[in-house]
Amino acid sequence: MTKWTFWVGTFVAVAALWGINYSLEEYANPYIVRVIINCGIALILGLSLNLVNGCAGQFSLGHAGFMGIGAYTSILLTTLSNIDFFQSPMGIGWAVVAGGGAAALAGYLVGLPSLRLRGDYLAIVTLGFGEIIRIFFLNMEFIGGARGMPGIPRESNFFWVYLWAAVTFIFMYRLIRSSTGRAILSIRENEIAAEAMGIDVARYKVVAFVISSFFAGIAGGLFAHYQGFIDPSTFNFNRSVEVVIMVVMGGMGSFTGAALGALLVTLLPELLRVFAEYRMVIFSASLVAVMLWRPMGIMGHKEIWHFFKKKGEA
Amino acid sequence: MNSVGHFKVQDLSISFGGLKAVSKFNLELKPMSLTGLIGPNGAGKTTVFNLVTGVYPPDNGTLDLDGSNLNGKEPCQIAKAGIARTFQNIRLCGEMTVLENVMLSYHMKKPYSLLDTLLRTPKFYAQEKKVTEEAMALLKVMKLDSKAQSLSRSLSYGNQRRLEIARALGTSPRVLLLDEPAAGLNSQEKVELMHTIAEIRDKFKVTVLLIEHDMKLVMGICERITVLDHGEVIAEGLPKEIRENKKVIEAYLGVSE
């Protein structure tokens with residue numbers, strides 16, 4: 001792909017996003033718009049967690065905590081501070097990025113000591129971290145405490161959410177198909193061998209964790225500025241589990257799989273509303289069915305286009 | 001004269017609880033030499049490898065590669081310093097392709113930055129191409145080039161062992177440690193492997209230390225042999241001397257009453 005086609009492609013894609021955004025806001029049913037945007041936020045969460053849980057093979061259960069840090073940091077700037085810049089649409093965009101930065105910093109601080117642990121132990125530490133964050137927000141009166149934080153400017157929309165989802169996907173895809181990506185994958189495959197081949201395993205675990213937290217923070221910021229209201233229970237353990245389900249169901253280490261998982265986990269409960277009170281029963285049963293039918297996730301380790309190539313080519 | 005790859009181990013010791021797994025182990029590998037490390041099961045051979053590559057921190061002893069001290073370094077730093085190894089129980093990245101397994105060991109040379117990765121700069125493509133070519137050349141030496149795109153877990157046992165060697169060579173080592181490279185191979189494959197190891201030593205100018213149980217292979221290619229029993233060196237010398245050494249025969253066959 002030449003530079004020229006790349007830029008034209010980017011331009012067309014951004015224009016298309018903007019066009020869809022415009023038509024959604026003008027003509028679509030608000031419920032549908034809400035579901036579509038929730039899908040976009042789920043995409044960012046699923047794609048980012050896939051780097052840690054799927055590619056690096058480190059089981060993290062605290063993704064909602066990083067999302068919460070992103071959300072609260074960004075509203076701190078846009079809603080609670082009196083800086084004029086952060087009231088403008090542009091400023092809100094940067095506040096969301098700052099939320100991602102804060103989440104990345106938290107990811108670094110949490111990751112450094114805890115990534116020495118493995119498997120179940122790491123899962124418990126990250127779970128604990130997520131809960132600490134939630135309880136912290138719950139007890140901070142100036143950011144609303146348990147009552148939550150209303151009056152957040154509702155500036156994020158289809159355009160911004162899907163632009164970030166696309167950025168996340170391209171970032172992750174390019175990262176994993178590189179030397180650094182191979183280093184991260186090798187941690188999942190065989191830590192001892194990776195270490196013997198000169199890969200600083202501890203370092204790349206933290207790198208994966210920080211990148212993943214950054215995008216979780218972005219998702220949190222976008223979410224807060226879409227909802228216009230957040231409270232600590234938004235970022236509870238259930239949310240973390242939901243993201244893990246996306247990754248496991250889609251296929252560990254597959255980004256198109258994580259994306260598919262994100263869409264399924266967000267869309268299925270909505271589509272099942274016709275079943276009223278049986279909705280979550282059917283949703284859970286379908287998760288069990290997927291795991292029985294494909295224990296490695298819908299995609300396994302592969303990306304979607306590998307299924308369309310001829311055998312032996314992949 | 002090539003002087004790189006001079007490796008000295010002095011007084012290396014480690015105990016696990018009350019068991020002295022390795023005690024006062026001494027070894028000197030001259031540049032480009034080919035040395036065998038043999039001994040009965042449980043003698044501590046693999047433990048020596050694990051100590052030398054930093055998997056276990058030794059209780060005692062010094063490691064010296066070309067004048068620089070490797071004590072207390074992490075395994076990845078030791079790999080960077082120039083010591084590469086293979087594993088007795090094969091440790092490949094099974095879900096990665098054969099080529100990717102070898103390309104992995106080029107990572108520590110930092111071919112390009114994270115920014116190059118994300119922006120896909122010309123440097124990224126150039127370096128990626130270069131690394132691919134070099135890795136393919138290594139696969140060719142190990143006769144695995146036709147399988148470059150298959151998943152490494154789908155390889156046959158013998159090929160997996162060969163891939164481990166190719167991957168270790170990807171780190172451009174000065175010293176190559178081979179842990180039972182011939183285990184599980186048939187006699188035809190063993191003969192081929194013998195030639196390959198000698199070829200690697202000459203081609204990559206690398207010092208080789210190998211653990212092996214197959215005496216024909218060890219006696220056939222090693223210039224010097226060190227014999228380990230119960231964690232201690234019981235003999236060291238030319239293959240011919242080792243074959244006639246009383247202590248070695250006793251260690252392997254037991255003492256006659």
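Predicted model: local features only at pLDDT ≥ 70, side-chain atom pairs only at ≥ 80, totals over all residues.

Author: Take the relative accessible area of a residue, using a 1.4 Å probe and protein chains only: under 20% is buried, over 50% is exposed, and in between is partly exposed. As for bookkeeping, residues are numbered from 1 along each chain as its sequence is written, chains are lettered from A and ligands numbered from 1 in the order in which they are written, and side-chain values use heavy atoms, leaving out hydrogens and water.

Reader: What about Gln10(B), which residues does it touch?

Author: Contact means heavy atoms within 4.5 Å. Not counting residues up to four places away in sequence, Gln10(B) touches Phe25(B), Asn26(B), Gly61(B) and Thr62(B). Gln10(B) lies in β1 (residues 7–16) of chain B, and with a relative accessible area of 45% it is partly exposed. Its C-alpha atom is 8.4 Å from that of Glu28(B), 18 residues away along the chain.

Reader: Now a contrast: is Thr117(B) buried or exposed?

Author: Thr117(B) is buried, at 0% relative accessible area. It belongs to helix α4 (residues 114–119) of chain B. With residues up to four places away in sequence left out, Thr117(B) touches Tyr112(B) and Phe124(B) in its own chain, plus Arg174(A), Leu175(A), Ser178(A) and Thr180(A) of chain A.

Reader: On to helices. How do I check the length of α10(A)?

Author: Work out the expected span, which is 1.5 Å times one less than the number of residues. Helix α10 (residues 237–250) of chain A has 14 residues and should span 20 Å; its end C-alpha atoms are 20 Å apart, which agrees. Its buried residues are Arg239(A), Ser240(A), Val243(A), Val244(A), Met246(A), Val247(A), Met249(A) and Gly250(A). Helices covering them include α2 (30–55) and α9 (201–227) of chain A. After α10(A) comes Gly251(A), with a positive phi near 120°.

Reader: How should I describe helix packing?

Author: Two packed helices are described by the angle between their axes and the distance between the axes. Axes are lines fitted to C-alpha atoms, for helices over the stretch in contact, and angles run from 0 to 180 degrees between N-to-C directions. Under 35 degrees is roughly parallel, over 145 roughly antiparallel, 65 to 115 roughly perpendicular, and the rest oblique.

Reader: At what angle do the axes of α2(A) and α7(A) cross?

Author: They cross at roughly 45° and come within 9 Å, α7 being residues 179–189 of chain A; the pair is therefore oblique. Leu51(A), Gly54(A) and Cys55(A) in α2(A) meet Ile184(A), Leu185(A) and Arg188(A) in α7(A). Compare α7(A) with α9(A): those axes come within 10 Å and cross at roughly 105°, so the two are roughly perpendicular.

Reader: Last one. Which residues have the most contacts inside the largest nonpolar core?

Author: In soluble globular proteins, nonpolar side chains tend to be buried together. A nonpolar core is a set of buried Ala, Val, Leu, Ile, Met, Phe, Trp, Tyr and Cys residues joined through side-chain atoms within 4.5 Å. The largest has 88 residues, and those with the most contacts inside it are Ile41(A), Leu51(A), Ile184(A), Ile230(A) and Phe235(A). α9(A) gives the most to this core, with 14 residues. Apart from it lies another core, of 43 residues, including Ile165(B) and Leu210(B).

Methods:
Helix = DSSP H or I, 4+ residues; strand = E, 2+ residues; numbered from the N terminus.
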